[in-house]
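Good morning, and thank you for making time for this item.

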Amino acid sequence: MELDEMRVEINKIDSQLAELMAKRMKTVESIAKFKAQKNIPIYDPQREREKLASLAEQVGGELASVTDTMFSVIFDLSRSAQNKIISGESPIGNQIRKALAETEKQFPVRPLIACQGVEGSYSQLACTKIFPAGNIMYFNTFDSVFSAVEKGLCQYGILPLENSTAGSVNRIYDLMMEHDCYIVRSSRVKVDHCLLVNKGTKLKDIREIYSHEQAIAQCQDFLQSLKNVKIIPCENTAAASKSVQESGRNDIAALSSLYCAQLYGLECLIDSVQDKGSNFTRFICISKKLEIYPGANRTSLMAVLPNRRGSLYRVLSRFNTLGINLIKLESRPLVNSDFDFMFYFDLDTSVYSDEFLRVFTDLEGAVTRLKYLGSYTELV
């Protein structure tokens, strides 16, 4: 048999599969209505296990794993269809439609913004990029920034989410789970760490270097090249500069920005001491109220998945099926759990597409917990 002939045969089989799939999904609709009338749960794990075992026995051999994979996806699609019929429009979908209708078309110009640290921090630089004319209120901790926004003390908050060299700021992910805030914008800031000292200080004189733990992680190669120098983490790179300036000492230094050298009257002994020349930190802007501004093309979600085989794969397959580009996936262990995990997703998709709203209907029937973190534009 020639290739063309074999492809004709495959086309016939695929056509039959498509017709059978349409027939199956039609039957699923009837099952959903029946379950709704009788108040029967959508998910029936015993029924699914029995079906997979029966189908595996029917095909036998290596094809058993193929039917396992294929019918697991079909079961997920069937459950999602049932969930849509029984539960109606996704609550998150309704929330997004409402925000799209009610959010002002112009991004705020002069709001009050919460930042962690002191004047000169990288959070402040990110804040100035997002809100050139905003008013800034400083807080000591990330937790305090979340609380200030959640309690309405500040309209927005600026927080570092991840760095291209040192990775994620895990505390922010944990706080996003704990607080009811939304991401309304993000921004990438180029980070160049400099070794700042009081005037007259020589490199050979330095015995202590102060900075934030993220900056320390980004400058490991440089720090390991120094001998007999104690590295001391502190709450903020700008706070480190301020401490060095206020101490007046000539045996300590700070890892901080060139801007802080100017701000606190320090001398830049060595510039760009980070491990990677292309070193960026991504900051998010959070709000208590869900706001979705025109042009939003990135969406962030958190989900807790059932602790069973293939759960993550089936979530990812939904994104693929709906043509949604996944640009970030990260997991974090859940606090007070036996190594259950929360997954963080960043999606690259327009908020105006039908596929985007459909993803919430699909996911709400497939995950243990789903938290929508917002749709926004990233400034680069």
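**A buried glutamate and its surroundings**

Glu 378 has its place in strand E15, residues 369-379; helices (H or I, at least four residues) and strands (E, at least two) are DSSP runs, numbered from the N terminus. Before I continue, please note that this is a predicted model, in which local features need pLDDT of at least 70 and side-chain atom pairs count only at pLDDT 80 or more, while totals for chains, interfaces and linings use all residues. Residues are numbered from 1 along each chain as its sequence is written, and side-chain values use heavy atoms, with hydrogens and water left out.

Is Glu 378 buried or exposed? Glu 378 counts as buried because its relative accessibility is 15%; the classes are buried under 20% relative accessible area, exposed over 50%, and partly exposed in between, with a 1.4 Å probe and protein chains only.

**The five-stranded sheet**

Let me turn to the sheet. Five strands form an open sheet with mixed pairing, in the order E8-E7-E9-E6-E10; two strands pair if DSSP finds at least two bridges between them. At the edges are E8 (230-233) and E10 (267-270), each of which pairs on one side only. From one strand to the next, the twist averages 35°.

Strand E7, residues 208-211, pairs with E9, residues 252-256, in the parallel sense over three bridges. E7 and E8 also run parallel, and are joined by four bridges. Glu 208 stands opposite Lys 230 in E8 and opposite Ile 252 in E9. Tyr 210 has Ala 254 as its bridge partner in E9.

In a regular strand, side chains alternate between the two faces of the sheet. Which residues of E7 lie on each side? Glu 208 and Tyr 210 are on one side, Ile 209 and Ser 211 on the other, and all are buried, so that both faces of E7 are covered.

Helix H10, residues 237-247, lies across E6 (194-197), E7 and E9, and runs at about 155° to E9. Axes are lines fitted to C-alpha atoms, for helices over the stretch in contact, and angles run from 0 to 180 degrees between N-to-C directions.

The loop between E6 and E7 contains Asn 198. Asn 198 is buried, because its relative accessible area is 10%. Its side chain reaches the backbone oxygen of Arg 249 at 2.8 Å. Beyond its neighbours within four places in sequence, the contacts of Asn 198 include Val 244, Gln 245, Ser 247 and Leu 266.

**The H2 and H3 pair**

Two packed helices are described by the angle between their axes and the distance between the axes. For H2 (residues 45-59) and H3 (residues 63-87), the axes come within 9 Å and cross at roughly 145°. Among the residues that meet are Leu 52, Leu 55 and Val 59 in H2, and Leu 63, Phe 71 and Phe 75 in H3. By class, this contact of H2 with H3 has eight nonpolar, two polar and four charged residues; Ala, Val, Leu, Ile, Met, Phe, Trp, Tyr, Cys and Pro count as nonpolar, Asp, Glu, Lys and Arg as charged, and the others, Gly among them, as polar.

**Two loop residues with positive phi**

Most residues other than glycine have a negative phi. Asn 39, which is not a glycine, has a positive phi of about 55°. Asn 39 has its place in the loop between H1 (3-38) and H2, and counts as exposed because its relative accessibility is 70%. Ser 272 likewise has a positive phi, near 45°. Ser 272 lies in the loop between E10 and E11 (280-287), and is partly exposed, with a relative accessible area of 40%.

Notes:
Contact means heavy atoms within 4.5 Å. A polar contact is a pair of N or O atoms within 3.5 Å; within protein, one must be able to donate a hydrogen and the other to accept it, and residues adjacent in sequence count only if both atoms are side-chain atoms.
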